[in-house]
Amino acid sequence: MSNTPMAASPLTRAVLEIDEYTSGLGWDQPARLFALVDTARLRVQEPSLATQLGLDEESETAGLTPIEQDEVPTDKPLDEFLGTIAWPDAVVGCALTVERLMLPPSAEAQVPQGLSEAMLAKWVAEHPERQEVRMTVAVLREGGRESALRLREKDSATEVLTGPELVPGLAEALAATFAD
């Protein structure tokens with residue numbers, strides 16, 4: 001995609017490309033799973049697919065191409081679904097985009113004790129300081145990680161926060177999809 005910074009690492013560019021793509025779909029979207037493949041290898045091994053994806057004329061050789069997978073099931077907890085994934089060798093990484101509600105650290109001390117998961121979700125959804133956030137987390141088979149966070153109230157490409165350790169739990173769950 002056109003707005004990703006050229007100085008960024010290939011993994012950061014892939015995360016920002018996915019963030020830009022999902023941003024174009026609007027909010028209140030289901031989770032989306034992407035395989036990350038080596039762009040140069042894709043051009044050589046799958047030239048027709050590369051052409052279909054518009055990759056045949058790009059000059060970049062060290063990039064990653066995100067390929068969206070089938071829909072993430074909504075009737076199964078995300079961690080259970082991720083536990084069922086196995087990637088072929090051609091996939092060098094994967095990424096997931098998911099929307100969640102979050103509270104600022106100041107509100108975490110107010111969380112009532114002993115709530116069930118459903119009651120906690122309801123409490124967070126009704127909290128006046130809640131924030132809607134879209135998280136895009138990517139991991140590489142060899143260990144690299146990157147994340148992008150976009151708040152709904154600051155829904156602009158210039159307001160996206162990136163970093164490798166922003167969503168460590170989700171990064172661990174994605175990395176586990178590459179475990180033997």
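Let's start with the fold: the protein chain holds seven helices and six strands. This is a predicted model, so please read what follows as a description of that prediction.

Next, the overall dimensions. The C-alpha trace spans about 55 × 35 × 25 Å along its principal axes. The radius of gyration is 17 Å, which agrees with the value near 16 Å that a compact globule of 180 residues would have. Of the contacts between residues at least 6 apart in sequence, 65% join residues at least 24 apart.

How much of the chain is buried? Of its 180 residues, 38% count as such. The protein chain exposes about 10,300 Å², and carbon and sulfur atoms supply 52% of that area.

Now let's zoom in on the rings. A pair of aromatic rings is described by the distance of the centres and the angle of the planes. Searching the whole structure turns up two aromatic pairs.

One of them is formed by tyrosine 21 and phenylalanine 34, with 6.1 Å from centre to centre and 90 degrees between the planes. That pair counts as edge-to-face, because the angle for this class has to be over 60 degrees. Tyrosine 21 sits in helix H1 (residues 10–24) and phenylalanine 34 in strand S1 (residues 32–38), so the pair links parts of the chain 13 residues apart. Which side of the burial cut-off does each partner fall on? Phenylalanine 34 has a relative accessible area of 3% and is therefore buried, the limit being under 20%. Tyrosine 21, at 29%, is partly exposed.

The pair of tryptophan 87 and phenylalanine 178 has its ring centres 6.2 Å apart, with 25 degrees between the planes. Here the arrangement is stacked, because planes under 30 degrees apart are put in that class. Tryptophan 87 belongs to the loop between helix H4 (78–82) and strand S3 (91–102), while phenylalanine 178 lies in the segment after helix H7 (168–175). The two residues are 91 apart, and their pair links distant parts of the chain. Tryptophan 87 is buried, with a relative accessible area of 13%, and phenylalanine 178 is buried too, with 11%.

Notes: Residues numbered from 1 in each chain as written. Predicted model: local features only at pLDDT ≥ 70, side-chain atom pairs only at ≥ 80, totals over all residues. Heavy atoms only, no water. Helix = DSSP H or I, 4+ residues; strand = E, 2+ residues; numbered from the N terminus. Rg over C-alpha atoms; globule rule 2.2 N^0.38 Å. Buried < 20%, exposed > 50% of the residue type's maximum accessible area, 1.4 Å probe, protein only. Contact = heavy atoms within 4.5 Å. Areas by Shrake-Rupley, 256 points an atom, 1.4 Å probe, with all protein chains shown as cover. Phe/Tyr/Trp six-rings, centres within 6.5 Å; stacked < 30°, edge-to-face > 60°.
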